[in-house]
Amino acid sequence: ILAGVIYAGQFAIKEIEPFYLTAIFGMGTCAAAGMLWLRRTIGRTATLSVGLLMVATTLAMNVSWSNERGNTLAEDYSRNVIETLPRNAFLLSTRWDYLVSPSYYLQEVEQLRPDVTVLNPNLLRSAAYLEYLQKRHPELTGPASKEIEQYLQLGERAGRVDNLSYQEALQSQRAFYRMVNAIVEGAMRRRPVCVTLEVDTLIAPRRQRVPYYLAFVLRSDTAYLPQRDIRYNFRPWVGRVDADVMNIHEMYTVSLLFRANYEALRGHPDLADSYISYALTFDPNIRDPKGQVGLTRA
């Protein structure tokens, strides 16, 4: 139990619960031993009553919060992103919980848009993932083979040395971005490349980021990029408002506002107004103690 708690306590991530499974297993073993002791002490019937009371108490305390029936937010968001991408698109996103991870299931199991490639650029820091990508998508890594090799050489040294100098760390960081940008630039010669909002601007810094549905298309020119009118398949999680729920609502809202601004700058005020009006529908229904709505139109 102690080892499990110490190990899990080193991580500062949202999905921390699975990291405590070893500690939970240890406590479960202790509980089983305690039940055996109770059986020998107070008898089988009384021990069974205690056990049932423990189960009922656990359910009462946790079922409501643990029950995610009706939560389709990540599925809907992933589908909406992938389905609206250009044909044969290459998408970079670090939204692991909301997009990248669900996309693995949707694409591999349900065969949703197999023409699309989804990549979390942060994973490219791992030599194991780079090896996987080279085998799975040689068309992406081939044009960047030189940069990949240079990064791997620096990364191997970083793995052997605990305390890198500032210059060595800077070299490794620069090599990483050279590698990612070589992959992106190579892909742009063959297919559309898209990113989500949070992707580091050091990736493809010389390219225009044009808002396109729930992503941004990287462009080498400033030509107008139209998109058809759309209503996303969005099913709110009724009765639950937490940080993740708010993040999902915000992603839809912000993407629509970016598109509204893009249309306004291109001389399409009616389209801009329509996107702003649609953005207002993604209200997570947060209200302050005075009862004011959390999302209003300025």
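Y213 lies in the loop between β4 (208–212) and β5 (215–219), where helices (H or I, at least four residues) and strands (E, at least two) are DSSP runs numbered from the N terminus. This is a predicted model: local features need pLDDT of at least 70, side-chain atom pairs count only at pLDDT 80 or more, and totals for chains, interfaces and linings use all residues. Residues are numbered from 1 along each chain as its sequence is written, and side-chain values use heavy atoms, with hydrogens and water left out.

**Loop residues with positive phi**

- Y213 is not a glycine, although its phi is positive, at about 55 degrees.
- The relative accessible area of Y213 is 6%, so Y213 is buried (buried means under 20% relative accessible area, exposed over 50%, partly exposed in between, with a 1.4 Å probe and protein chains only).
- Q111 is not a glycine either, and has a positive phi of about 55 degrees.
- Q111 is placed in the loop between α5 and β2 (117–119).
- With 47% relative accessibility, Q111 counts as partly exposed.

**Helices α4 and α5**

- Helix α4 (residues 73–83) and helix α5 (residues 96–108) have axes that come within 8 Å and cross at roughly 75 degrees; axes are lines fitted to C-alpha atoms, for helices over the stretch in contact, and angles run from 0 to 180 degrees between N-to-C directions.
- The two helices α4 and α5 are therefore roughly perpendicular to each other (angles under 35 degrees count as roughly parallel, over 145 as roughly antiparallel, 65 to 115 as roughly perpendicular and the rest as oblique).
- On the α4 side the contact is made by A74, E75, Y77, S78, R79, V81 and I82, and on the α5 side by D97, Y98, L99, P102, S103, L106 and Q107; contact means heavy atoms within 4.5 Å.
- Eight nonpolar, three polar and three charged residues make up the contact of α4 with α5 (Ala, Val, Leu, Ile, Met, Phe, Trp, Tyr, Cys and Pro count as nonpolar, Asp, Glu, Lys and Arg as charged, and the others, Gly among them, as polar).
- S78 lies in helix α4 and, at 0% relative accessibility, counts as buried.
- Leaving aside residues up to four places away in sequence, S78 touches Y98, L99, P102, S103 and L106.

**Helices α4 and α10**

- The axes of α4 and helix α10 (residues 243–265) cross at roughly 20 degrees and come within 11 Å.
- That makes α4 roughly parallel to α10.
- L73, D76, Y77 and N80 of α4 make the contact with V245, I248, M251 and Y252 of α10.
- By class, six nonpolar, one polar and one charged residues form the contact of α4 with α10.

**Helices α2 and α3**

- Helix α2 (residues 21–42) packs with helix α3 (residues 44–66) at an angle of about 145 degrees, their axes 7 Å apart.
- In α2, M35, L38, R39 and I42 meet R44, A46, T47, V50, G51 and M54 of α3.
- The contact of α2 with α3 divides into six nonpolar, two polar and two charged residues.

**Aromatic rings**

- The count comes to 16 aromatic pairs; rings of Phe, Tyr and Trp (its six-membered ring) pair if their centres lie within 6.5 Å, and planes under 30 degrees apart count as stacked, over 60 as edge-to-face and the rest as tilted.
- F176 and Y177 form an edge-to-face pair, 5.2 Å centre to centre with 75 degrees between the planes.
- F176 counts as buried at 1% relative accessibility, and Y177 is buried with a relative accessible area of 13%.
- One aromatic cluster is formed by Y77, Y232, F234, Y252, Y278 and F282.
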